[in-house]
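My entries follow in the order in which I looked things up.

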Amino acid sequence: MRLRLASTLLLAATAALGSQAAVAAPVKNIVLVHGAFVGGSGWRPVYDILTHDGYKVTLVQEPLTSFTDDVAATKRILDRQNGPAILVGHSYGGAIITEAGNDPHVAGLVYIAAHALDTGETEAINGKKFPNAAHPFVKTPDGFLYINPANFPADFAADLPLKQAQFEAQAQMLTSASVFTANIPDPAWKMKPSWYMVAKSDKIINPDLERMYAKRAHSHTVEIAGASHSVYESHPKEVAQLIDQAAAGAGAGAGAGAGAGK
């Protein structure tokens with residue numbers, strides 16, 4: 001009887017350890033979401049680091065035609081994941097992941113100089129509360145916005161090589177003005193753990209607005225000195241490191257829910 005009891009306890013302990021190991025395993029799927037005016041190719045340096053480290057990385061190419069279209073494009077990518085995923089958003093991409101992050105595939109959220117909106121807020125409203133230092137966007141007759149190419153290097157990408165910034169200025173994806181007034185009824189950061197990177201020299205989003213977002217969401221937060229809005233391109237190692245921390249933290253169940261602090 002004692003031998004049988006000991007065997008039963010050993011099996012139970014082994015199963016428990018195995019279960020803990022499974023829970024603690026890092027999330028291996030990473031989904032990257034770009035922001036307004038740019039495409040997914042800017043994520044290439046981060047992609048290269050993460051894939052080298054063994055992650056499966058997928059990029060969303062949202063059309064920037066409406067918030068609904070962009071969220072739908074993100075969900076199509078999430079539906080292709082073979083397990084839990086870390087959802088990463090830059091800039092306006094933060095608004096997208098705040099909505100799409102409610103998808104059951106998403107284990108954690110990473111905001112890279114991004115909007116983490118609450119119910120009743122819009123990017124336009126928050127931009128008035130925390131004014132940025134950039135020149136005004138230019139609007140086309142059919143309601144799309146872009147950054148004057150002459151202003152793009154200094155406003156969007158001051159810490160990138162000038163030729164690279166000038167190329168990106170001419171390769172802009174025009175963005176529907178409507179996306180900046182999108183409202184999110186059920187922000188995912190209220191229920192899922194989040195990580196946030198503040199770009200301390202950002203001219204597109206006021207760094208104090210970024211700090212407000214991070215503090216409110218109880219995000220694990222890092223700040224990058226001298227970083228422009230293009231921090232995901234200029235500091236790919238730091239960005240990849242934060243995503244790696246999110247993958248490990250979300251896999252371990254760290255800070256599940258809105259209480260996850262720094």
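I found Ser91 in strand β3; strands here are DSSP runs of E with at least two residues, helices are runs of H or I with at least four, and both are numbered from the N terminus. I noted a positive phi of about 60° for Ser91, although this residue is not a glycine. Ser91 has 8% relative accessibility and therefore counts as buried (buried is under 20% relative accessible area, exposed over 50%, partly exposed in between, with a 1.4 Å probe and protein chains only).

I remind myself that this is a predicted model, in which local features need pLDDT of at least 70 and side-chain atom pairs count only at pLDDT 80 or more, while totals for chains, interfaces and linings use all residues. Residues are numbered from 1 along each chain as its sequence is written, and side-chain values use heavy atoms, with hydrogens and water left out.

I then looked up His218, which is not a glycine and has a positive phi of about 55°. His218 sits in the loop between α8 (207-216) and β9.

Next, the chain as a whole. I listed 10 helices and nine strands in the protein chain. Of its 262 residues, 51% are buried. For contacts between residues at least 6 apart in sequence, I noted that 75% join residues at least 24 apart; contact means heavy atoms within 4.5 Å.

The sheet came next. In what order do the six strands of the open sheet run? I read β2-β1-β3-β4-β8-β9, with parallel pairing; two strands pair if DSSP finds at least two bridges between them. The edges are β2 (56-60) and β9 (220-224), each of which pairs on one side only. On average, neighbouring strands of this sheet are turned by 15° against each other, direction ignored.

I followed β1 (residues 29-33) to its partners. β1 pairs with β3 (residues 85-91) in the parallel sense over five bridges, and Ile30 has Ile86 as its bridge partner in β3. β1 and β2 also run parallel and are joined by five bridges; there the partner of Leu32 is Leu59 in β2.

Is β1 covered or open on its two faces? Both faces are covered: Asn29, Val31 and Val33 are buried on one side, Ile30 and Leu32 on the other.

Axes are lines fitted to C-alpha atoms, for helices over the stretch in contact, and angles run from 0 to 180 degrees between N-to-C directions.

Last, I looked at a helix pair. Helix α2 (residues 44-52) packs on helix α10 (residues 236-251) at an angle of about 50°, with the axes 9 Å apart. The two are therefore oblique to each other (under 35 degrees counts as roughly parallel, over 145 as roughly antiparallel, 65 to 115 as roughly perpendicular, the rest as oblique).

Which residues of α2 and α10 meet? I wrote down Pro45, Val46, Ile49 and Leu50 from α2, and Pro236, Lys237, Val239, Ala240 and Ile243 from α10. By class, this contact has eight nonpolar, no polar and one charged residues (Ala, Val, Leu, Ile, Met, Phe, Trp, Tyr, Cys and Pro count as nonpolar, Asp, Glu, Lys and Arg as charged, and the others, Gly among them, as polar).
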